[in-house]
Amino acid sequence: MAQSSSFGALSTAGFYRRWLGPVLANDEGLDAEQLSRAALQALAQLSLRRRWPGVSGVLEGISTELQRKDVRLEQVLFGCRFSNPVGLAAGFDKNGVAAGVWDRFGFGFAEVGTVTWHGQPGNPRPRLFRLAQERAALNRMGFNNGGAEVLRRTLLRQALPARGQRPAVLGINFGKSKITPLDQAADDYASSLELLAPQADYAVINVSSPNTPGLRDLQDASQLRRLVERLRRLAGCPPLLVKIAPDLEDDAIDGLARLAYEEGLAGVIAVNTSLDRLGLEQRVLAQTGRSLAEEAGGLSGDPLRRRALEVLRRLRATAGPALPLVGVGGISTPEAAWERITAGASLVQLYTGWIYEGPDLVPRVLDGLLLQLDRHGFRHISEAVGSGAPWR
């Protein structure tokens, strides 16, 4: 197993814990969205200049500290070669500004977006809130992004390797523009996907965000089937996955699993943020003075862990082992990642947990997975998928 190596006092994990840890330990203080934007601006500059001698040296140090390379973690799924099963979930790098450097932070894949055909500012601020004690977040961002054409130009400007040759697989998450009527949603998604297909190793149909009015109606099996059929007819359509909500009833989950299998979707991502307050209804947001029961938006982070696992198990039971599943929601420890994989996920994604725990969460998860493979006698991560093997 590869061992971590810091580059002195400037180690990424050490810097994060020292300077950002105290900020993230409180609900108040620096605005969560401003903090994310500042981090992305720095990462964007690294990505654009990643081949410059000074910058490449910094990135090499980050890679040495955070990457784990082991053939037991490599997989080929829906035609994409993943160096490891841990990815960055959609929502953090909405405009793809850091697409060229996510592999340096240890990720085997990164999903940019959600992108919409029309650029849009999203919902009024404040719209992203920390719940530090619960290691959770509430967001009602509303698909704020520059639009499909801006994302295309941003990705091209970073001069990424060709599809299939990237050190980290690149997924693009697609949503419906807010101004587009629901009955024209298919054309809206299709316009974005057609433009960006050459840049995407895989594409995700996001029909599960709680922050775009009417969007979750597209999870209805008949509507989703029409949408999938429309998108799959596009020339050069990449492997297509769908991302679903945690708030679906069991019958709806079963229907989506069957649809994914029947339509030949590449996989299902489970789950998006939740409208359920998951026992935190009376929790008051410091910034607004209102309880979570009174606030709009989707809940993410540790409180979502149990429900996300339940949905994943239901999908696996209905769809069987042939359909690749991606587990996301409440993964902030190696044990949570192993739990999701042994329940049937071939891949997992981090977001809220990564924000709270810092960049070294990725190598900690990968080290934990390798340790569990050793303890269970598994030769490869694929043997653990759906095995039900407990954490040891």
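**Figure 1. R135 in the loop between β5 (128-131) and β6 (136-139) of a predicted model**. Strands (E, at least two residues) and helices (H or I, at least four) are DSSP runs, numbered from the N terminus. R135 has a positive phi of about 50°, although R135 is not a glycine. With a relative accessible area of 26%, the residue is partly exposed; this class lies between buried, under 20% relative accessible area, and exposed, over 50% (1.4 Å probe, protein chains only). Residues are numbered from 1 along each chain as its sequence is written. Because the model is predicted, local features need pLDDT of at least 70 and side-chain atom pairs count only at pLDDT 80 or more, while totals for chains, interfaces and linings use all residues; side-chain values use heavy atoms, with hydrogens and water left out.

**Figure 2. L278 in the loop between β10 and β11**. The phi of L278 is positive, about 50°, and the residue is not a glycine. L278 counts as partly exposed, at 25% relative accessibility.

**Figure 3. The cis peptide bond between A270 and V271**. Omega is about 20° for this bond. V271 belongs to the loop that runs between β10 (267-270) and β11 (298-301).

**Figure 4. The cis peptide bond between G113 and T114**. Here omega is about 15°. T114 is part of strand β4, which spans residues 109-115.

Figure 5. The buried residues are P334, A336, A337, W338, R340, I341 and T342. They pack against α8 (305-319), α11 (361-376) and α12 (381-384), and also against strands β12 (325-328) and β13 (347-350). G344 follows α9 and has a positive phi, near 130°.

**Figure 6. Residues 1-9, a stretch with pLDDT below 50**. The protein chain averages a pLDDT (the predictor's confidence in each residue, from 0 to 100) of 93, and 97% of the residues score at least 70. Over residues 1-9 the pLDDT is below 50. Beyond near neighbours in sequence, this stretch has 17 contacts in the model, where contact means heavy atoms within 4.5 Å.
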